[in-house]
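Welcome! Please take a look at the structure below, and then we will walk through some of its parts together.

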Amino acid sequence: MVDFLMPSLGADMEAGTLVEWLVKPGDWVRRGDVVAVVETQKGAIEIETFQSGQIDQILVDLKSKVPVGTPLARIRSEGEAKLAAVPVAPPPITPAPTPAVPPVAPVVERPAVTLPRPPVTPTPAARARVSPAARRLAEERGIDLSTVTGSGPDGAITYADVERRIGAAAVMPERKRGWLDLSAMRTAIAAAMARSKREIPHYYLEHQVDITACEHWLAEKNASLSPDNRLLLGALPVKAVALAARRNPAFNGFYRDNKFEPAQAVHIGVAIAIRGGGLAAPALHDADQLSLDELMSHMRDLVQRTRAGRIRGSEMSDPTITVSSLGERGVEALYGIIYPPQVAIVGIGKAVVRPWVIDGAIGPRSVITVTLSGDHRVSDGHAGALFLAEIGKLLQEPDKL
Amino acid sequence: MTYREAVRQALRDAIKRDERVFLMGEDVGRYGGCYAVSHGLLAEFGPERIRDTPLSESGFTGAGIGSAMAGMRPIVELMTVNFSLLALDQILNTAATVRHMSGNQFGVPLVIRMATGAGRQLAAQHSHSLEGWYAHIPGIKVLAPGTLEDARGMLWTALQDPDPVLIFENVMLYNMTGKLAADAGPVDIDKAAIRRIGRDISLITYGGSLWKTLEAASALAAEGIEAEVIDLRSLRPLDDATITASVTKTRRAVIVDEGWRSGSLAAEVGMRIVEQAFWSLDAPIGRVCSEEVPIPYPRHLEIAAIPQSPKIVAAAKSALGRS
C-alpha cells in the first residue's frame with residue numbers, strides 16, 4: 001500500500017486544495033495517470049500518480065486544503081490489490097456491492113513491471129515547536145510550518161519567523177474560487193522572486209546573436225506548412241538553450257541544501273505571461289530530445305493550457321532551467337530573476353535589424369540579445385560566457401537544431 | 001521626598017479631609033511608626049486620631065472592623081505582613097465576609113496598611129511577601145503602591161471604597177526618593193500601569209520588584225530588547241485588560257513576583273494570560289519569584305533568594321530565545 005501524496009508543485013508551494021478527484025476507490029491507475037486536480041496559487045493543476053495499482057481509499061475530501069506531503073489517497077500495488085477485498089469505507093447501510101474487479105487488469109501496453117517505487121512517504125518529523133501565535137498566523141495565511149525556520153526558544157517557530165516566511169510585502173488577499181487566482185499567483189511570484197533575490201547571488205551576461213540564418217531557414221521550412229503547423233522563431237532559441245544546457249550541466253539543475261544537484265534531464269521552464277498579470281514557467285519536458293516540430297507543438301499546448309489554468313503537477317515542479325522570451329512585442333534585452341531552486345535563466349530579447357559586419361562588409365542582419373542570469377554559487381562568469389556563446393553558435397545552424 | 005513621606009502625606013491628608021478617619025496600630029503614635037511613617041502625626045492630630053494599640057493584632061483589627069461597620073473610616077496599621085497572620089481570622093473570616101454574611105446590611109469600609117517584603121536582613125520570620133495570599137480572598141481589595149504617586153494617592157481612594165482594602169508597602173521602598181508633584185492627590189486603584197513601553201516582551205510586576213524590573217528593562221534595552229513593564233498596582237482585582245493587551249502586543253511575558261513560586265500571584269497572572277492570550281503567545285511564560293526557602297538572614301543569601309534584575313534579564317532573554 002502506498003500513499004499518494006499532495007505533491008510539491010514548485011518551490012514556493014506550501015499547500016493545495018483538492019478540487020477534483022478523477023478516480024474513485026476501486027479504480028485502477030497506471031504510473032503517469034492524472035488522478036486529481038489540485039488548486040494552487042498557480043491555478044488548477046492536474047496531478048499524476050507515480051504508482052500503478054488500485055485506488056484503495058480516498059483520504060482527502062474535495063475542497064480540503066492540505067499541506068504538501070499530506071497523503072491524499074492510498075494505492076494498492078498490483079500484487080496487493082489481488083489479495084484484498086477490504087471495505088474501502090465504513091460499510092453503508094445497504095450492503096455494499098462487491099467492488100467491480102476490472103475484467104482485464106489495466107491495459108498494460110508493455111508488460112513492463114515497473115518495480116514498485118519505495119514509498120516516498122516523508123518521515124513524520126517530531127512535532128515541531130511552534131508558538132501559539134505563530135501557529136495562528138500560519139493558519140490564517142496558509143503557511144506550511146515545515147517550511148519555516150524557528151528562531152525562538154529551543155528553535156521554536158515564532159510569530160516573527162512566520163512573518164518573515166510570508167514576506168513583508170505579501171498581503172494575502174481573500175482567496176477567490178476559480179482556476180486562476182491571479183492575486184494568489186502574484187503572492188507566489190512575490191515570494192519566489194524575493195527569495196531568489198535574497199538567496200541567489202546573480203551574475204548577468206549578455207550576448208548578441210545574429211539570427212538571420214534562422215529566419216531564412218524558417219521562412220523556407222514554413223512555406224510548405226499550413227499556418228497552424230508553422231514553426232515560430234521563438235522555438236529555435238528554446239531548443240538551442242536545451243542543447244547548450246545538456247552540454248553545460250552547471251546551468252541545468254537545482255541548488256538545494258547548500259549544494260548543487262545537476263539534473264539528468266533537460267526540462268526547459270518556458271515563461272508564459274498570463275493575461276491580467278500572471279506568470280508561470282511550466283516545463284517543456286526533455287526539450288533537448290524533441291525535434292523542433294515536436295517542441296513547437298508541445299509549446300503551443302503548454303501555452304494554451306497554462307493560460308487556461310490547467311497545468312500538470314510535474315510541469316510545475318520539473319523545470320531545470322528557465323527561458324524567458326519577450327517575443328516580437330518586447331524589448332531588446334531582459335535580465336531574468338532565477339526561479340529557485342533552479343540556477344539559471346536565459347532571456348531572449350526581440351529580434352531587431354542592425355548594421356552588422358560580415359566578412360568585412362556592413363550589412364543588415366537580424367540580431368537578438370541573449371542574456372544569462374546565473375547563480376554564482378554554482379557557476380562563474382567564464383562558464384556562463386561559454387554557455388551563452390554555445391547558444392549563439394547553435395543558432396547559426398538552425399537545420400541542425 | 002521619600003516614599004515614607006509620601007505615605008505620611010497621604011495619612012495627614014486623609015485625617016484632615018474626613019473626621020471619621022483615624023490611624024490605629026502598634027507604635028504608630030509615640031514611637032512614630034515602626035518604619036517612621038507616622039512620625040509627628042501624634043503631635044499634630046492627637047491621640048484620638050493616632051491611636052497606639054496593645055500588641056494584639058487580632059484585637060485591634062477586629063476593633064477596626066467594628067468601627068468601620070459603625071460608620072468610621074479607620075486605617076489599621078499592621079506593622080508588617082508577618083504580624084498580619086495573627087489577624088488573619090479577622091481579615092479573612094470577618095472583614096471579607098461581613099457584607100455577604102449580613103445580606104448586604106453591613107459593609108466594612110476599612111483600610112489596613114502593612115509593610116511587606118524581604119531585603120532588610122530581618123530573617124525568615126520577618127521577611128514574608130504574602131500579598132499574593134491575600135489576593136486570593138474575595139471580598140477585599142489588595143493594593144501594592146510601587147511609586148511615590150501611588151503611595152500618596154491610593155490611600156484616599158481606598159478609604160472611599162465601601163469594602164476592606166489592604167495596602168502593602170514594600171519595606172525596601174520607604175527610603176526611595178523621588179519627586180512628587182505639589183498637587184499630587186488621589187489616584188485610581190483598579191488599573192495596572194505601563195511604566196515602560198516596549199514591544200518585545202511584557203515584564204509584569206508590582207511593589208518592590210517594580211524598580212528591579214525597570215532596571216532589568218534598561219539592561220535589556222542595551223541589548224536591543226524593548227521590554228514593556230507593567231506595574232499591577234492592584235493585585236485584587238487584577239487588571240486583565242491591560243495585561244492581555246500588552247501580552248497580545250509583545251507575545252511574550254515574564255512575571256516578577258517576590259512571593260514564593262508555588263501557588264503565587266505570578267501563577268495566577270500567568271494562568272490568566274494563558275486563558276486570555278494563548279493564541280498570541282510566542283514563548284512559554286516565564287516567572288521570576290523567590291526561591292522556595294525561608295528567606296535567609298545572611299545578606300548574600302537573602303539577595304540570592306529574592307528576585308533581582310540579572311535574573312529578570314535572563315528570564316526575558318530566555319523567552320526571546322537569546323542567551
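## A sheet in chain A

A:Leu5 has A:Pro71 as its bridge partner in β8(A). Strand β8 spans residues 71-76 of chain A, and β1(A) pairs with β8(A) in the antiparallel sense over four bridges. Here two strands pair if DSSP finds at least two bridges between them, while strands (E, at least two residues) and helices (H or I, at least four) are DSSP runs, numbered from the N terminus.

This pair belongs to an open sheet of four strands in chain A, in the order β1-β8-β6-β3, with antiparallel pairing. β1 (2-5) and β3 (28-29) of chain A are the edge strands, each pairing on one side only.

## How to read the model

This is a predicted model: local features need pLDDT of at least 70, side-chain atom pairs count only at pLDDT 80 or more, and totals for chains, interfaces and linings use all residues. Residues are numbered from 1 along each chain as its sequence is written, and chains are lettered from A and ligands numbered from 1 in the order in which they are written.

## Where the chains meet

In chain A, 10 residues are in contact with 11 residues of chain B; contact means that the C-beta atoms of two residues, placed from the backbone, lie within 7 Å. Helix α2 (residues 132-141) of chain A gives the largest share of chain A's side, four residues. That side has five nonpolar, four polar and one charged residues. Ala, Val, Leu, Ile, Met, Phe, Trp, Tyr, Cys and Pro count as nonpolar, Asp, Glu, Lys and Arg as charged, and the others, Gly among them, as polar.

## The sheet of chain B

Chain B holds 13 helices and 12 strands. Of its 323 residues, 52% count as buried, that is, with 20 or more other C-beta atoms within 10 Å of their own; 12 or fewer would be exposed, anything in between partly exposed, and C-beta atoms are placed from the backbone.

Seven strands of chain B form an open sheet with mixed pairing, in the order β2-β1-β3-β4-β6-β5-β10. β2 (50-52) and β10 (234-236) of chain B each have a single partner strand, so one side of each is left without a neighbour in the sheet. Strand β5 (residues 141-143) of chain B pairs with β10(B) in the antiparallel sense over two bridges, and B:Val142 stands opposite B:Arg236.

Helix α8 (residues 148-160) of chain B lies across β1, β3, β4, β5 and β6 (165-170) of chain B, at about 165° to β6(B). Axes are lines fitted to C-alpha atoms, for helices over the stretch in contact, and angles run from 0 to 180 degrees between N-to-C directions.

B:Glu149 lies in this helix. Is B:Glu149 buried or partly exposed? B:Glu149 counts as partly exposed because it has 18 C-beta neighbours inside 10 Å. Not counting residues up to four places away in sequence, B:Glu149 touches B:Leu180, B:Ala184 and B:Val187. B:Leu180 is 31 residues from B:Glu149 in sequence and 6.6 Å away in space, C-alpha to C-alpha.

Helix α10 (residues 240-250) and helix α11 (residues 265-277) of chain B pack at an angle of about 65°, their axes 10 Å apart. α10(B) and α11(B) are therefore roughly perpendicular to each other; under 35 degrees counts as roughly parallel, over 145 as roughly antiparallel, 65 to 115 as roughly perpendicular and the rest as oblique. Their contact has five nonpolar, three polar and two charged residues.
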